[in-house]
Number of protein chains: 4
Amino acid sequence: MTGTEFSVRDPDYERRVRESFAAQSFMATLGAEIVALGPGRCDIRMAYAPGLLQQDGFLHAGALATIADSAAGYAAYTLMESGDRVLSVEFKINLVRPAAGEAAVARARVVKPGRTITPCTAEVFAVRDGHETLCAVAQLTMIRIPPDGS
Amino acid sequence: MTGTEFSVRDPDYERRVRESFAAQSFMATLGAEIVALGPGRCDIRMAYAPGLLQQDGFLHAGALATIADSAAGYAAYTLMESGDRVLSVEFKINLVRPAAGEAAVARARVVKPGRTITPCTAEVFAVRDGHETLCAVAQLTMIRIPPDGS
Amino acid sequence: MTGTEFSVRDPDYERRVRESFAAQSFMATLGAEIVALGPGRCDIRMAYAPGLLQQDGFLHAGALATIADSAAGYAAYTLMESGDRVLSVEFKINLVRPAAGEAAVARARVVKPGRTITPCTAEVFAVRDGHETLCAVAQLTMIRIPPDGS
Amino acid sequence: MTGTEFSVRDPDYERRVRESFAAQSFMATLGAEIVALGPGRCDIRMAYAPGLLQQDGFLHAGALATIADSAAGYAAYTLMESGDRVLSVEFKINLVRPAAGEAAVARARVVKPGRTITPCTAEVFAVRDGHETLCAVAQLTMIRIPPDGS
């Protein structure tokens, strides 16, 4: 929520995040891409597309949740070590406005990096004519899986 | 989760649910279909597919959340009236096991039907060789939008 | 999350909030008091006390959740109308650090005021020697009950 | 929620749970007691009392959340090992009916025991004249802290 600065343990975190993101085939299905990345933060953008909608023509809550979840996972992953993996323990999302416009962008931030558990928050904005409107807020819990799996 | 029986207000609820489901283009993108429907309950199945995965080759948490969300929305919608609409207020999901196998199925149940708010729960199972393993549990809140939008 | 300004419908909201708060006997049991109040925001402080602890001597997660819930309810209630009531639909809280020190303070903010549903966020800080450390983050959903109960 | 049977690693789990519960001073403040305990499950009962109420005279959502949280923590703790500690990572609760009557009881069940993370669900019932009515459902995530703190 605040402008907290986090320090990374793996200076090569960006390559690690982008390789993992590229391996998430569901991101390609959604047309999602990472548009910002830094220590403890990741933003993912998904263009409005005819195959991503709910019954009223808005972006499906599940699609918004998906980019929030991936963004939070990678926000947490920026602060982990080489060889670590990251998984979602759980997440919760409130849909506060229907998401219309040309795209949605999820901005995830680490709340507190942990040796095992990393809680994150995310805000999802609908983008219309370049203007952003908040359409969802999420709270997410990520877990670090070290190389030995312990 | 229990065997509570709910009575419907709109005997033609199934047509109403299936029309709305058909209008959710994201369900087609996921290859999702309704496999069971009754008063206060809806099950949605999604076949494992190469475009729905996270970085380790399992079904993406967001895809699991999406079918849980739609199933809960339609479970709630079975108990609403003709002319009503349904929207997700919020949902929370715990991922308890990686989802591998040939499909995932979300089974959503209404906890208590409300004039405005309908809380639901859902369990998501991974299906392998016809055997089901629990991979996620969710708790979801739906809202009824009456015809006058009030 | 941001410095959004909300406008009130009931200029006498503070009296209404404080009367409701005074009627919450559980707040007195916790030694909790409102320490800040404004349109769309409410902060509640609870002194560390020997009867509020979990098994390791920290403030119980349930006590932290309670002040977050009340703070969010009253943050939402500041924006409602005279005669309205407010209830919690649901909330979710992540405990990010043990809460030690001389007090805890929950700072709740409205995300978006709604005619029916008002989503809020809250941060809970542990206070030690006047210094605040984040110990929990919450996301909460409040509902307005209008005078006619509809 | 289902009839899953769990096997314990520590046959003396009941003593361990009851000692930890006795150390939670907040349980005494609430007048809460363990009324059932078994592998992967724990029920906690709290009598209705004048100091536990919200503004309309019902049991406060925070008090209901507290017994759900403790019940889930101890449900998870029954399956851990001697020397382990248990903490709440996060929880989410839906309030589905106002809680009136002579008591409330939270019934928590482990969804899946984990080496690190144990997700649980809980149902909270209001008890009136010995009859139980569901008033809240919760989903909770517990973490095992092994003796070496790792």
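Helix axes are taken here as lines fitted to C-alpha atoms over the stretch in contact, and the angles between them run from 0 to 180 degrees between N-to-C directions. The structure is a predicted model, in which local features need pLDDT of at least 70 and side-chain atom pairs count only at pLDDT 80 or more, whereas totals for chains, interfaces and linings use all residues. Residues are numbered from 1 along each chain as its sequence is written, and chains are lettered from A and ligands numbered from 1 in the order in which they are written.

Helix α3 (residues 61–77) of chain C packs against helix α3 (residues 61–77) of chain D at an angle of about 150°, the two axes being 8 Å apart; helices (H or I, at least four residues) and strands (E, at least two) are DSSP runs, numbered from the N terminus. This makes α3(C) roughly antiparallel to α3(D), a term that applies to angles over 145 degrees. The crossing of α3(C) and α3(D) is right-handed, that is, the near helix is turned clockwise from the far one by less than a right angle. Among the residues that make the contact are C:A61, C:A65 and C:D69 of α3(C), together with D:A61, D:A65 and D:D69 of α3(D), where contact requires C-beta atoms, placed from the backbone, to lie within 7 Å.

Between chains A and B, the contact takes 29 residues from each of the two chains. On the side of chain A that touches chain B, two or more residues come from each of α1 (13–23), α2 (25–30), α3 (61–77) and β3 (85–95) of chain A, and β3(A) gives the most, with 8 residues. Strand β3(A) also pairs with strand β3 (residues 85–95) of chain B in the antiparallel sense over 5 bridges, pairing being assigned if DSSP finds at least two bridges between two strands. Within this pairing, A:E90 has B:N94 of β3(B) as its bridge partner.

The same surface serves both copies, since 100% of the contact residues of chain A recur in chain B.

A further contact joins 14 residues of chain C to 14 residues of chain A. The largest share of the side of chain C that touches chain A, 4 residues, is contributed by β6(C).

Conventions: Parallel < 35°, antiparallel > 145°, perpendicular 65-115°, else oblique.
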